[in-house]
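Visitor: I am new to this structure. Please show me how to read it, feature by feature.

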Amino acid sequence: MSSQISQKHPKGLYVLFFAEMWERFSYYGMRAILLLFLLDNIKGGMGMSAAEGTAIYGLYTASVYLLTLPGGWLADNILGQKKAIWYGGIVIMLGHIILAVPAGSAIFFLGLSTVAVGTGLLKPNISSIVGELYPEGGARRDAAFSIFYMGINLGSFLGIAIVGYLGEKVNWHMGFGAAAIGMLLGLIVFRYGSATHLKGLGEVPSAREASEEAVAPVSGSSKMLGYGLIALLVVFLVVLQSTGTINMTTAQGLAQGAGIIIVSISAAYFLFILIAGGLTRVEKYRVGVLIILFLAIALFWAGYEQAGTSLQIFAERHTQRMIGGWEVPSSWFQNFQPTFVLIFAPVLASLWISLSSKNRNPSIPVKFAMGLILLGLSFFVMVAASNIAVKGELASPFFLTFTYFLHTIGELCVSPVGLSSYTKLAPKRYVSQLMGIWFVGASLGNLIAGLFAGGFDESNILQMPALFNQVAIITTIFGLILLVFWKPIKGWMGGIH
């Protein structure tokens, strides 16, 4: 079986698979205990309220993905993807080492910031190299991204299991240290594997390649447009602060301000490349599709990333976790997502290839619609679970299990397909930057997830069913809208399937 797989896919895919696996081990492992550490006031944690802790959690996870935009720019214009991945991994490892030192809040937040910067440099560029391995595109590339996505989730599973256990049952900082070791292993795999199996890929910055192909450079006036938009954003935030609309001195206010920044930067960037990016008519329509997918993925992650916020709080406080005399770590419930991905990713990858051979493969907007509708259904399940919790009873763990199952099938309809779509639809000279924008959509979703979970305070328990119901209705409606308009959206893709 393995020999057949190696014939179908280049060995470079598996170098990227294992490098990303260990990087995700470090990221998801640390993230699994982050909110618990922020809320804990007994075992050496930060002792924050739910509103403050979830806002900081959302700011961190949003920053991780927001920083993929400058990370993509550095790779496109200066470093190339390979160097960006290497340097990013080193910075991530240093950040986790800082987190492993129990030296107060200032050092802790320095560690969080360092991990976010490194991840922003690494994350969009490793996905871009996966796309470069398959210049022919097609269902084979989609299958490769699904295999790559299995590496992400295998790393996630191992990270949550090991780091989660060490953090909850032994010591928080020992868990953070284990995340640093995971990133070190990822660096070793990438260093030695890429020299042999990724030659010629990700070495020359994309912008330099584009200029060699006589693509028009970005004009000075377009740069002025970008600077002007940033200046207007700064003025807008100052006005909001001065009028008291947003209090930027609190974690919640900072998170709200960050949301405005993310939306504004994303809108400005799309406007920038549409107006001054030197795109052809076909490329502009394709960028229009990328904008729609950006909105869809932001909404999807806003629900999906409740795994680390509201669903984590629900697992910790309102779910039956006893097996005999042993209490299951609440962070382990997050492992249902990667476990189900590992089980069902090969099934869906094979399904897409089989349907493609029969010209029946659902289009990208249809798959996104399916993912959003499944996500919406999962939160209707949580409405039922929270109705039990508000009575003062512990909910069965099967509620969270089924919720995560629906999350996973929805994710497999959206995330690997979305990654592949961005590499296919993006103009070549903007490919890493637009991969960064894809992760900026994830950034916005993570931030919303953190802000939303601020309402899950123990004093606000009666509001849980209504809060889950909001997510269920909004995501389902957006999915249905995509399902209605999938044909015109597919037409804008200009023959890309």
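**Reading the model**

Guide: Start with a helix, a DSSP run of H or I of at least four residues, just as a strand is a run of E of at least two, both numbered from the N terminus. The expected span is 1.5 Å times one less than the number of residues. Helix α8 (residues 172-197) has 26 residues, so it should span 38 Å; its end C-alpha atoms are 38 Å apart, which agrees. This is a predicted model, where local features need pLDDT of at least 70, side-chain atom pairs count only at pLDDT 80 or more, and totals for chains, interfaces and linings use all residues. Residues are numbered from 1 along each chain as its sequence is written, and side-chain values use heavy atoms, leaving out hydrogens and water.

Visitor: Which residue caps the N-terminal end of α8?

Guide: Asparagine 171 does, with a side-chain oxygen 2.8 Å from the backbone nitrogen of histidine 173.

Visitor: How many helices and strands are in the protein?

Guide: There are 19 helices and two strands.

Visitor: What is the mean pLDDT of the protein?

Guide: pLDDT is the predictor's confidence in each residue, from 0 to 100. The mean is 84, and 88% of residues reach 70 or more.

Visitor: What share of the residues is buried?

Guide: Buried means under 20% relative accessible area, exposed over 50%, and partly exposed in between, with a 1.4 Å probe and protein chains only. Of the 497 residues, 57% count as buried.

Visitor: How many salt bridges does the structure hold?

Guide: Side chains of opposite charge can pair when their charged atoms come close. A salt bridge is a side-chain nitrogen of Lys or Arg within 4 Å of a carboxyl oxygen of Asp or Glu. The structure holds five. In one of them, arginine 31 meets glutamate 305 at 2.6 Å, N to O. Arginine 31 lies in helix α2 (residues 11-39) and glutamate 305 in the loop between α12 (281-304) and α13 (310-318), so the pair ties together parts 274 residues apart in sequence.

Visitor: Are arginine 31 and glutamate 305 buried or exposed?

Guide: Arginine 31 is buried, at 3% relative accessible area. Glutamate 305 is buried too, at 2%.

Visitor: Which residues are linked in a network of salt bridges?

Guide: Glu316, Arg321 and Glu327 are. Arginine 321 and glutamate 316 have their closest N and O atoms 4.0 Å apart. Arginine 321 is buried at 9%, while glutamate 316 is partly exposed at 33%.

Conventions. A polar contact is a pair of N or O atoms within 3.5 Å; within protein, one must be able to donate a hydrogen and the other to accept it, and residues adjacent in sequence count only if both atoms are side-chain atoms.
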